[in-house]
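Subject: Structure handover

Hello,

Please find the structure below. My notes on it follow.

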Amino acid sequence: MSSGAPAVLLPYQREAILLSDQHDLLVIEKSRRTGITYGFAADAVLTAAERGRGGQNVFYIAYNLDMTREFIDYCGSFTKAFDKAASAPSEFLYDDGSEEGIKAFRIDFPSGYSVVALSSKPRSLRGKQGKVIIDEAAFHDQLAELLKAALALLMWGGKVVLISTHDGADNPFNELIEEIRAGKRSGYVQRVTLRRALEEGLYRRICLVTGKEWTAEAEREWEADLRRKYGAAAEEELDVVPARGSGVYIARATIQAAMSADLPVIRLTCPDGFEREHEAYRTDWVREFLEEEVAPWLADFDRRRHSFFGQDFARSGDVSPAVFGQYDDLGRLIARVTLEMRNVPFREQEFALNWILKRLPLFAAGKVDARGNGSALAEALQQDWGFDRIEAVQTSEKTYLAFMPKLRASIEDRTMLIPLDDGTMDDLRMVKLVRGVPKIPDRSVVSKADGAKGQRHGDNAIALMHFRAAADEDFAPFDFRSAGGRSIVGRASAGASSERGFGTVGSRATMRGY
């Protein structure tokens, strides 16, 4: 039975340790005084005390001596708490080739491994092997060189963990995070804001340690007082938002450089009251539009290459766009056709998307907006094309953090071509860093792309984000044989219907006249 005593570490501290075992490079952007370093002191003791393959040396690197001593003290306390045999913490001069050496601290375990706290000089890691923890990384003078030295340890099974609060958007620490989120560098980013820490028990733990009685009101007052103390710096210090990082996410000139006048944005607007017309009339009306306006552009798709699509849903007010495209011979992702639907009924949106998907060569993967009313359309598309081929995305801060940096990187690197279009430009310009997350603020705008027809809410930016993410999906090879006996070898999502991947639409689609 449980003794009723609280766990030694809070959920986000335990998550950080688990992530450090799962990823060779873990970067933790955090609020002040959330106890991440304390948690890794516990992990360091258990890692170094383990015999055999499960154990290894742990090297802790801070940017000042006080932090180094504090970490070793934490490790000493955990050694006693876990009842691990070890030497007493000792101070020594590490020979780094200089005359004065480097002041360092260590705890040795019978396993043959040690916890060693070193200085922040990159050469201090030379010749080492084990797990490296770089604390308050944003404040190290030579972070790039230190990281380069630390990553060398990965070749023989080491791990690297960077922990820090932010110190500006242009700091190498934040640039490293942006590279990981954009897919330019392997690694994983954990985000621990003060709000998350409080929700997972930080203030309760403070009360337990200090002997205070916890109440919800006391917690609110404590947080409010802390924010008053930090003042204008609270966003960076507590909410994990790097300073100067709240403006436009992608510069206008950068977007324009990735635009091509050869790529169309086709706008389908239904008249008021259209949803009241008979279904046969609505279907014929939309089909005629697609045949005249969309079909000629679909003919330009490369029949040898796989196709992808991304969508953002709206029924009224905003536009409901879908982006369809392929990679070209240079490895660039091309948004070959963008269909913007405005005031189009649910059923006709489904008809239009299925009509196009049926005609795409080697359709491989798509991501669709499943928030609110979009969930019904997303489910219908999944039923038609396969749940492994179509992903229904519940857009959240996590999905923005996962997908939007990759979209920005593709636009910045010009490895993605998008339409030269005012509406697309306005939508991408609406993406802002909101409390450290690239997202669309809760407001709509009127674009000259639409005239007086209606408003926009970053819709094409979301569709492009989903399109970019869909094109990154893995899909398994399969062999398909048509009714006529012609064999085609292609790739499609595992578990999806191979027939639908190459244009044969199932019974529900056939009944609707696709």
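Helices (DSSP runs of H or I, at least four residues) and strands (DSSP runs of E, at least two) are numbered from the N terminus. This is a predicted model, in which local features need pLDDT of at least 70, side-chain atom pairs count only at pLDDT 80 or more, and totals for chains, interfaces and linings use all residues. Residues are numbered from 1 along each chain as its sequence is written, and side-chain values use heavy atoms, with hydrogens and water left out.

**Backbone**

Start with Val240. It sits in the loop between α9 (234-238) and α10 (252-257). Most residues other than glycine have a negative phi. Val240 is buried, at 0% relative accessibility. Buried means under 20% relative accessible area, exposed over 50%, and partly exposed in between (1.4 Å probe, protein chains only).

Arg33 also has a positive phi, near 55°, and is not a glycine. Its place is the loop between β1 (25-30) and α2. Arg33 is exposed, with a relative accessible area of 64%.

**Helix α2**

Helix α2 covers residues 36-49. The expected span of a helix is 1.5 Å times one less than its number of residues. For the 14 residues of α2 that gives 20 Å, and the end C-alpha atoms are 20 Å apart, so the two agree. Of these 14 residues, 12 are buried, so α2 is largely enclosed by the rest of the structure. Among the buried ones are Ile36, Phe40, Asp43 and Val45.

**Salt bridges**

How many salt bridges does the structure hold? There are 39. The criterion is a side-chain nitrogen of Lys or Arg within 4 Å of a carboxyl oxygen of Asp or Glu.

- Lys131 and Asp21 meet at 3.7 Å, N to O. This pair links distant parts of the chain, strand β6 (residues 131-135) and helix α1 (residues 11-22), 110 residues apart. Lys131 is buried at 2% relative accessibility. Asp21 is partly exposed at 45%.
- Arg32 and Glu237 meet at 2.4 Å, N to O. Arg32 lies in the loop between β1 and α2, Glu237 in helix α9, and 205 residues separate them. Arg32 is partly exposed, with a relative accessible area of 22%. Glu237 is buried at 12%.
- Lys367 and Glu473 meet at 3.0 Å, N to O. Lys367 is in strand β14 (residues 363-369), while Glu473 is in the loop between α16 and β19 (476-481), 106 residues away. Lys367 is buried at 2%, and Glu473 is partly exposed at 35%.

There is also a network of salt bridges, which links Arg267, Glu340, Asp421, Asp427 and Arg456.

**Surface charge**

Glu288, Glu291, Glu292 and Glu293 form a patch of negative charge on the surface. Patches take residues with over 30% relative accessible area and no salt bridge, and join like charges within 9 Å. Glu291 belongs to helix α11 (residues 279-298). It is partly exposed, with a relative accessible area of 44%.

**One more loop**

Pro441 is in the loop between β18 (437-439) and α16 (459-471). It is buried, with a relative accessible area of 19%. Pro441 and His457 are 16 residues apart in sequence, and their C-alpha atoms are 8.4 Å apart in space.

Best wishes

Terms used:
Patches are made of residues with over 30% relative accessible area and no salt bridge: like charges are joined within 9 Å, nonpolar side chains (Val, Leu, Ile, Met, Phe, Trp, Tyr) within 5 Å. Accessible areas come from the Shrake-Rupley method with a 1.4 Å probe; for residues, only the protein chains shown count as cover. Lys and Arg count as positive and Asp and Glu as negative; His and the chain ends are not counted. The place of a charge is taken as NZ of Lys, CZ of Arg, CG of Asp or CD of Glu.
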